[in-house]
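Here is a guided walk through a structure, one step at a time. Keep the 3D view open and follow each element as it comes up.

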Amino acid sequence: MNFYEHTLVAKQDLSTVEVDKLYNKYNDIINNTSGKVIKVEKWGLLNFAKKIKNYNKGFYIHYKFEGDSSTLNEIKKNINIDNSVLRHLTIRYKKLDTEKEYFKNDEKINEKKK
Amino acid sequence: MKRKNKKFTKRSQNPLNKLSLFQKTDSRFSKKCPFSVKDAPIIDYKNIKLLRRYISDTNKVLPSRITSVSQGKQKKLNTEIKRAKILGLL
């Protein structure tokens with residue numbers, strides 16, 4: 001079992017219900033396939049540095065979890081089909097720090113980008 | 001001759017262009033590695049505020065001869081900046 005961080009970037013034009021659905025979907029996938037979600041962060045709607053597939057903004061969802069290769073395969077399978085996800089990134093860590101949150105005051109970060 | 005002078009003045013406006021291989025005259029960066037001190041900031045792809053200091057205006061990674069980051073930390077900076085770019089954060 002290893003520790004992982006996984007980040008999703010969803011499309012801008014989703015409604016809040018659809019974002020919640022996405023959030024629950026991958027939460028269930030991790031929990032059902034021998035993994036365990038430790039923490040989930042919603043970074044909210046952030047500006048991109050440059051356009052991605054003609055979108056200027058996106059919803060960010062960040063998972064910290066513990067799991068196997070089977071969990072990773074299952075996530076990858078589902079994300080590749082998923083139309084509402086623009087980008088994703090998984091990274092392995094030896095230790096997870098669950099205290100620090102870099103995206104708590106989102107507005108300040110967005111202002112600086114402009 | 002005139003043309004050469006013009007070019008020189010234009011270039012010198014940007015403080016990063018002034019730096020050559022042999023001069024370190026920028027006040028933005030210290031001579032010691034900022035990540036090798038005690039209680040140094042963590043290099044992470046989520047810590048955008050920190051990473052933004054180490055990229056140029058055109059979103060390239062700044063060389064360690066300007067920023068004086070140590071070799072190992074520069075490698076880590078490089079990977080973290082690339083990760084942030086994948087997610088569209090930088």
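The model is predicted.

Start with chain A as a whole. Chain A holds 3 helices and 4 strands. Follow the chain along its sequence, and the pattern reads β-α-β-β-α-β-α. Its C-alpha trace spans about 40 × 30 × 25 Å along the principal axes. How does the radius of gyration of chain A agree with that of a compact globule? For 114 residues, such a globule would have a radius of gyration near 13 Å, and chain A has 14 Å, which agrees. Burial can be counted too. In chain A, 18% of the 114 residues count as buried. Now consider contacts in chain A between residues with a separation of 6 or more. Residues 24 or more positions apart make up 79% of these contacts.

Next, find the sheet. The 4 strands of chain A form an open sheet in the order β2-β3-β1-β4, and the pairing is antiparallel. Which strands stand at the edges? They are β2 (36–52) and β4 (85–93) of chain A. Each has a single partner strand, so one side of each is left without a neighbour in the sheet. Neighbouring strands here are turned by 20 degrees against each other on average, direction ignored.

β2(A) and β3(A) run antiparallel and are joined by 11 bridges. To see one pairing, look for A:Lys39, which stands opposite A:Lys64 in β3(A). The two strands form a hairpin with 2 residues between them.

Step on to the next pair. β3(A) and β1(A) are antiparallel as well, with 9 bridges between them. Here A:Thr7 has A:His62 in β3(A) as its bridge partner. The last pair joins β1 (residues 2–10) to β4(A). These strands of chain A pair in the antiparallel sense over 8 bridges. A:Phe3 has A:Tyr93 in β4(A) as its bridge partner, and A:Glu5 stands opposite A:Ile91 in β4(A).

Now bring in chain B. The contact between the chains takes 10 residues from chain A and 9 residues from chain B. On the chain A side, β1, β2 and β4 of chain A each give two or more residues. β2(A) gives the most, with 3 residues. What kinds of residues make up this side of chain A? They divide into 7 nonpolar, 2 polar and 1 charged.

Look next at the largest nonpolar core. It has 25 residues, and A:Tyr60, B:Leu51, B:Ala84 and B:Leu90 touch the most other members. Two or more residues come from each of β1, α1, β2 and β3 of chain A, and from each of α3 (48–51) and α5 (71–86) of chain B. β3(A) gives the most to this core, with 5 residues. Zoom in on B:Leu51. Beyond its neighbours within four places in sequence, B:Leu51 is in contact with B:Glu80, B:Ile81, B:Ala84 and B:Leu90.

Finish with two loop residues. Most residues other than glycine have a negative phi. A:Lys53 is not a glycine, yet its phi is positive, at about 50 degrees. A:Lys53 sits in the loop between β2 and β3 of chain A. A:Lys53 is exposed, because 8 other C-beta atoms lie within 10 Å, and exposed here stands for 12 or fewer.

B:Ser68 also has a positive phi of about 50 degrees, although it is not a glycine. Where is B:Ser68 found? It is in the loop between α4 (64–67) and α5 of chain B. B:Ser68 has 16 other C-beta atoms within 10 Å, so it counts as partly exposed.

Key
Residues numbered from 1 in each chain as written. Chains lettered and ligands numbered in written order. Predicted model: local features only at pLDDT ≥ 70, side-chain atom pairs only at ≥ 80, totals over all residues. Pairing = 2+ DSSP bridges. Axes fitted to C-alpha atoms, helices over the stretch in contact; angles between N-to-C directions. Contact = placed C-beta atoms within 7 Å. Nonpolar A, V, L, I, M, F, W, Y, C, P; charged D, E, K, R; others polar. Rg over C-alpha atoms; globule rule 2.2 N^0.38 Å. Buried ≥ 20, exposed ≤ 12 C-beta atoms within 10 Å, placed from the backbone. Core = buried A, V, L, I, M, F, W, Y, C linked by C-beta atoms within 7 Å.
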